[in-house]
Amino acid sequence: MQFSRAVHRVQRRLAAICLVACSAGASRVDAQTSDETIASNHAAAPTAAEVLAKPVSVSVDRVPIDRAIRALAAAAGVTVSYKYDVVVAAVPNVVTLHVRKMPLADAFARLLEGTSLQLVTVYGGQLVVTSAHTGTLTGGIIIGTVTSARTQSPLRGANVMLDDTVMQVRTDAEGHYRFANVAAGSHRVTVRAVGFVRKLQSITVTDDSTATLNVALDPSTVNTLDQVVVTATGAQRVRELGHVVATINADSLVKEAPITSVSELLQSRIPGLQVISSNGGIAGGPVALRLRGQTSISLNSEPVIVIDGVRYRSNSYVQQNGMAQPDVQGGGLPPSPINDLNVNDIESVDVVKGPSASTLYGPEASNGVIVITTKHAKSAKTTWSWYAHPVLNTVPVQQRLPQKGYQVWGHDSDGQPVDWCSLLNEAAHVCTIDSITTATTFLAQPQTSIIGKNRPEWQYGLNLSGGSGTTRYYVSGGYDRQEGALQVPPLFQKALEQQLGTTGLSDDIKNPNSMKKASIHTNVSMQPWSRMDLDATVDYGQSTQHRMNPTNFFLLRAGGQQVLSPYTGATDSAIALGLLQNLLSYQTTLTTDVADMSTFNGNLHSVVHLVDWATLDALVGATHGTTDNNLLLALPQNGHAQNDQRTNNGRTGTLGLTTTAAPGRLTFRTALGPQYLYQKDDGLTTQGFGLAPGSNSIATAGRITLQQVWSETVTLGTYAQETMGLANQLFLSAGLRLDGSTRFGDKYSPTPLPKVDASWIASEQPWLKDRAPWVTELRFRGAYGQATRYPTSGMKLGNLTANPVIVGGQNIPGYFVTNLANPVLSPERSKEFEYGADLTLFSRVHTELTWWRRRTNDELKYLQGSSGSLPVWRNVASVSQHGTELSIAVPLTNTRQLQSDIQFTYAFNTSKILSLGDDVPAGGYVGLAKGYPLDAIFGVRTIGVADTAGGGPNGIAEANEVISEPATHFLGVYNPPKTYTLTPTASMFGGRIRLSAVFDRETGFVINDEASMRCGAAHTCLAPYDINTPLIDQARASFYNSYDFLVPGNFTRWREMNITFDIPLREWLHLSALHLDALSRASVSLQGRNLALWTPFKGTDPESRYGTSLFTANTSGIPQPRGWALRFDITP
Amino acid sequence: MTSPFMSHSSPLLARRMMQRFALAVATAGVCACHGLLDVSDPTLIRDQDVANASGANGRRVVAYQAFHGSATYLAHEVALFTDEQSFDQPIQYATGSDELYLDTRDSHGIEFLHGGDDPHLGRLGSVITYSSLALPGIRRYTPDPLKGDYLAQLFSYRGYAILQAAEDICTGFPINDVTETQEQIYRPVYTTDSAVMLALTQLDSAIADVKDSTHYLYFSNVLKGRALLDLGRYDEAAAAVATVPDSFAYSTDPSYGNTFYYTDQGNDPAWTFQAYPIGDHEGGVGLDFLSEHDTVRIPTRYVRQGFNDTTIAEYTENKYPSDMPMVLASGTEARLIEAEVALHNNDPQWLVILNALRTPVGLAPLTDPGTPDLRVDLVYHERAFWLYLTGRRLGDQRRLIRNYGRASATLFPAGGNPFVPSAPYHNTTAIPFSFANESEFNPYVTAGCISQ
């Protein structure tokens, strides 16, 4: 009874404390199943009185004391913390307890009676069992606020741990935390949060006093062991994972880096993730993502994209007649779906690089997974923020292409002037060269350049968040308008006006490429009851893109010039302008290609904390997208119109159960659940040929064709994963995913995909702690997993399609077989090993090193067969890949006035074709060969000229005198196998000025120097005209063989630069006096993107590969634009 | 710490519920309801969906499209390869052009460019493949008399394709086919004669199957006569075409356009880089297609002075001034076959037959040149003019070598190329096929051209 009264006194006292704390916004203390396990539980906290009064029923016989403690806490539905060593030392023998509907306080009193242990409750109703000799009920209080060092915004859900032991709390919506009854003396407080570098600080507490410790966390793209990342089974600490999951903190980065799209957010952040932005200057241009390189011979290598748990469309491929085709209509290039998202609405991105980590994400995940988390409601306090982001982009093509061209004048045997006379013409006695004049090339002259300068992009956005009680909301809207780099040259605009008899051309004609995009993002978070979190998110975006196929400008990019004729004495622009006019009139100005697109993503996500050791996670989500693309080529005759209607629908349903248990020093985390994925793309392409002259209506077409696009896929999968931890230092995990993916006609046949991984924290072993205390963190990890890519329905079932056939002027349905059925076709199956180590020295220098090796069997290949034979898809090839990834983060200075660090990353990947199957003879297929990489280029180079054939030894390299290498051979790869990134950052004057930069380097690949290759045709070199030119140079310039101009594409690029200033509006404008607290925080950033390029490559831009395959490995792409931007952010 | 009583506590109940739930979700994927997984694809049509008369007709018209869609392309390639047409283009753009390789008969160039795709053999192969895919359905689902006529149509297409391949492509080429169950068939490679024999079997089938359609009967008859002529079976050739009336003509479907119209007339020549001048004594031995000034059979049109040699006036054909059909077989060809047979038999009717064709169109009658060789030359000159740009010329040139012992140097252009001086003529006398492509899967293709 004495003890019971004492407990009740404690109850009343703590209840009073908690009433104060809870009214300020209490946080619930996390479940404690071992001395340091953290769960992602954010429910509102009950008061101490409520906790202690809960009736409990427990029946345990002869169990260790810790288990009895946990049983009591579990029965009450509350959490309890204790130091395992302390309680076991106090009660070494087993105990028995049987209580029924007894108040929790009384039940604990009965359990602990006669022991040296005592029960205390702390802030938020958390129970702590501690030794009566060391614990105190009359200590001090620690309070504080956790914020982002970069944005100064409060961090909700940050984990704050006292003395590395039992007392842990999570910060509330305002970033506040509080520890009560802290023993007097010095304590260590460790704070960690998702996406931030853990911080450890000391504080001294005295009895009956309150100490304040505010902590500002530095964002980090480098994982530390206790950082929490999103996995297929929910949030997990990095230390528990045997594989790498890299995180990008988008929220903070987007405000302070020159980022206008999701692809720019991803670029240069993660080793092993390549963003191929082939046409940098094109508004809404295509973007390809590669995780650990190209993975497949035939299927696209795009990673899966998951947004808030919902599978998103990852590429712009559509199924046409059962086959995946790039949805490139009418010469336009579709933007990447990932860039349909407003980058300002993204909170964070987790990157899962390969099968070793992506197994549980289900089908198609063998290329890795990009997991995007959008912004959610954080605070019940009403806040808003606004940003404006004006950008000026200029494609620096003029500096990288020859500015001087040559015109070679001659005469024929009759003395008549001849333009473009060459040595070859002389050899053929067609003409004789008289003189050579120089001129400025088209691209170098503003009047004739297809590249416009200072193309603007405007981004604005506003967001609002707030709420009341347990309901919070976040709403944002954004607008983006971008002008593409291409323009119809002003000189030609005048010519076209004359041709059309008009005095003004529309803006769409003059600037054929632009994009407008508006987006809305909303999120509502609720807690219908204390154990349930409910979250609803909706995204909607709409855009209009005036498309332009840059290849239409190809010849003009290569050269062209306006010259002065020595014969007429006047500007002889007839040929040059005529060429320009001809190319543009048909391809460009008379073509309009406009796409209206809309996207919708929505999901409803609930997390139910069934009991302290079990959480049920349910998610339903949908995506919907439409495209209406109208192309019109209104020629004087035989005009062409095309309309593409596309709709894509996706549905995701997941149900996940996660349970935890902690018997003794072991911890178990079990996750399992089913997942349902549905994806459908459908559409209709209508083409009209032979429009009535002058008509822009498809209805006037002489012939109309229709083609339907359709793809419907359902996947039902089940996953299960068990993670076992030992003493928080060794984690072993095993998982299995069973997937059945149905395409039309397939039977459901579950495919088992296993994974295992292990993580060992060596630095927490006593023997290492003692011997090498400077090793702050050392972890070894390894993982193995499998993942698949599925063939399309047409590949497997054969491709019999209905299309009208004209017979005697009548349309008759025809059935075409374009590839044979292969009923035994199976998915491509990838297996990946990944192993590595994480090392942190002196709590400062952090290093991650990862090796990986992957083998993909049953790679699909389209076997064309001989002439007239029907092709078929077969699982014939095997490919191995391996690579290395390294990241090093080094803090340089850490003073009050200057904090700086530098991060270096390196990634290497390569592939090797192990087999092409028996059906494919070795060497029989140019571009793919056993023993060589997937992206190998094979060819024959020019090695000499025998000036004896043709016109004889005349000093002129003629076609039949060219000597080539005797056989095709390997010339290099077209994807960069090595990438390096250097990211220095600095923060000055208490973080009020922040600087950062990103430098990229890519090496080890070859690319076609198209500008040099076509210098003869473009008249930008003298080789085809000057008899003194070495024969081999003449041959290369006259008979352009692309393999002769395949050169290393190594480059270093100054990718990003940013300077951000915090504007102390409150102080400057005396806002407090005016009660305009909302304008208390503002920043302005000066940003630069693609500021400099260092490369021995002489073409336009080695990074602007037009596409990602062998045949487009050249410089047809528009160079990356150099952009300058200002960004204004105002945040309350 | 005694036990007042024992009972199931709520955590234990919850744990049991969790275990049941776990079991349920673990088996959900495996025991999935098939209805949930049902999907559709209206664009995908299975073989069983077209196992009916409509489906059979749908496959037949695909063969029709393959045949009519490729015929003028084939003729265009033959015209470039022979002396019917030349090729001109600015030197910078001419290099590497497959049309230049065809014109100069550069077999390595043709093979190199066609490494992954063999247009000539490929087009002919598609006709064979698609007709094979159509035949079973027609036999099974189409009622007579339509069945017989459709079968005749498909067999005549096959006969045409195989015969054209035999006449154009070097010996040692493959003829691929598919079975009714869509399995690929590879057979030993063909010589000119063995391919012609195969064509004859197809044409005999067409003639045997035909019911009401004299159209396909005559078409097959002319093709059969042409094939027999290739084999030197002259009397049989004459007999095969004897019933074909003078007025008969089998033409390409105009809906499929005409390659000559597009390449020669379709674009404004002022801005067209390439041109296809009419061959006129091309390479010294070519026929006088331009200088004969036969505006009835070979109408012409002036284009420009040559790109690389402005002294050469370039004329293009005007036989196809619009998207008009190309005649593939006709009563005229039947009579030409009869004339050649008559000449072979020393029957003076050969000249009578030729003049009977000329007189109605206002051409002056021919006179006997007096010697056997000149008579043969005259017959083949007439064939070349009547059948200009119909894909016959290469077969004729090779038959002159094979049946009449003519030297190839007297038939195929040689020496320098006036239009592209840096690309002289080669000595190939048959269109090569792509060994790299054909040998990739066909085990019988172990070498390229065995002979010309």
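Predicted model: local features only at pLDDT ≥ 70, side-chain atom pairs only at ≥ 80, totals over all residues.
**Group meeting: side-chain contacts in a two-chain model**

At 0% relative accessibility, B:F385 counts as buried.

Over all chains, a search of the whole structure gives 28 aromatic pairs. I will show two of them. A pair of aromatic rings is described by the distance of the centres and the angle of the planes. For A:F816 and B:Y130, the centres are 6.5 Å apart and the planes make an angle of 75°, an edge-to-face pair. A:F816 sits in strand 44 (residues 810–817) of chain A, while B:Y130 sits in helix 7 (residues 119–141) of chain B, so this pair joins two chains. Buried or exposed, A:F816 and B:Y130? Both are buried.

The other pair brings us back to B:F385. Its ring and that of B:F289 are stacked, at 5.4 Å centre to centre with 25° between the planes. B:F289 is in the loop between helix 12 (259–265) and strand 4 (300–305) of chain B, and B:F385 is in helix 15 (residues 372–386) of chain B, so the pair ties together parts that are 96 residues apart in sequence. B:F289 has a relative accessible area of 1%, so this residue is buried; B:F385, as I said, is at 0%.

Still on rings, chain B also has a cluster. One aromatic cluster is formed by B:F67, B:Y157, B:Y160, B:Y216, B:F219 and B:Y250.

Next, the disulfide. A disulfide is a covalent bond between the sulfur atoms of two cysteines. How many are there over all chains? The count comes to 1. The cysteines are B:C170 and B:C449, with their sulfur atoms 2.0 Å apart. The torsion about the S-S bond is about -70°, so the disulfide of B:C170 and B:C449 is left-handed. B:C170 belongs to the loop between helix 8 (146–168) and strand 1 (177–178) of chain B, and B:C449 to the segment after helix 17 (435–438) of chain B, so the bond ties together parts that are 279 residues apart in sequence. On accessibility, B:C170 is buried, at 0%, whereas B:C449 is partly exposed, at 31%.

Now the charged side chains. Side chains of opposite charge can pair when their charged atoms come close.

A:K755 and A:D757 form a salt bridge at 3.3 Å, N to O. With a relative accessible area of 4%, A:K755 is buried. A:D757 is buried too, at 6%.

Then A:E832 and A:R854, whose closest N and O atoms are 2.9 Å apart in their salt bridge. A:E832 is in strand 45 (residues 828–841) of chain A and A:R854 in strand 46 (residues 845–863) of chain A, so the bridge ties together parts that are 22 residues apart in sequence. A:E832 and A:R854 are both buried.

Back in chain A, salt bridges that share partners join A:R292, A:K353, A:R779, A:R781, A:E832, A:E834, A:D838, A:R854 and A:E885 into one network. That network includes A:E832 and A:R854, the pair whose N and O atoms come to 2.9 Å.

Which backbone oxygen does the side chain of A:N1008 reach? The oxygen is that of A:F1045, at 3.5 Å. A:N1008 is placed in strand 55 (residues 1006–1008) of chain A. Its relative accessible area is 5%, so A:N1008 is buried.

Last, the surface. A:W386, A:L462, A:L1086, A:W1124, A:L1126 and A:F1128 make a nonpolar surface patch of about 520 Å². Which strand of chain A gives the most to this patch? Strand 59 (residues 1122–1131) does, with 3 residues. A:W1124 is found in strand 59, and this tryptophan is partly exposed, with a relative accessible area of 42%.

That is the end of the tour.

Technical notes. Residues numbered from 1 in each chain as written. Chains lettered and ligands numbered in written order. Heavy atoms only, no water. Helix = DSSP H or I, 4+ residues; strand = E, 2+ residues; numbered from the N terminus. Buried < 20%, exposed > 50% of the residue type's maximum accessible area, 1.4 Å probe, protein only. Polar contact = N/O pair within 3.5 Å; in protein donor to acceptor, adjacent residues only side chain to side chain. Disulfide = S-S within 2.5 Å. Patch = residues over 30% accessible without salt bridge, like charges linked within 9 Å, V, L, I, M, F, W, Y side chains within 5 Å. Areas by Shrake-Rupley, 256 points an atom, 1.4 Å probe, with all protein chains shown as cover. Salt bridge = Lys/Arg side-chain N within 4 Å of Asp/Glu carboxyl O. Phe/Tyr/Trp six-rings, centres within 6.5 Å; stacked < 30°, edge-to-face > 60°.
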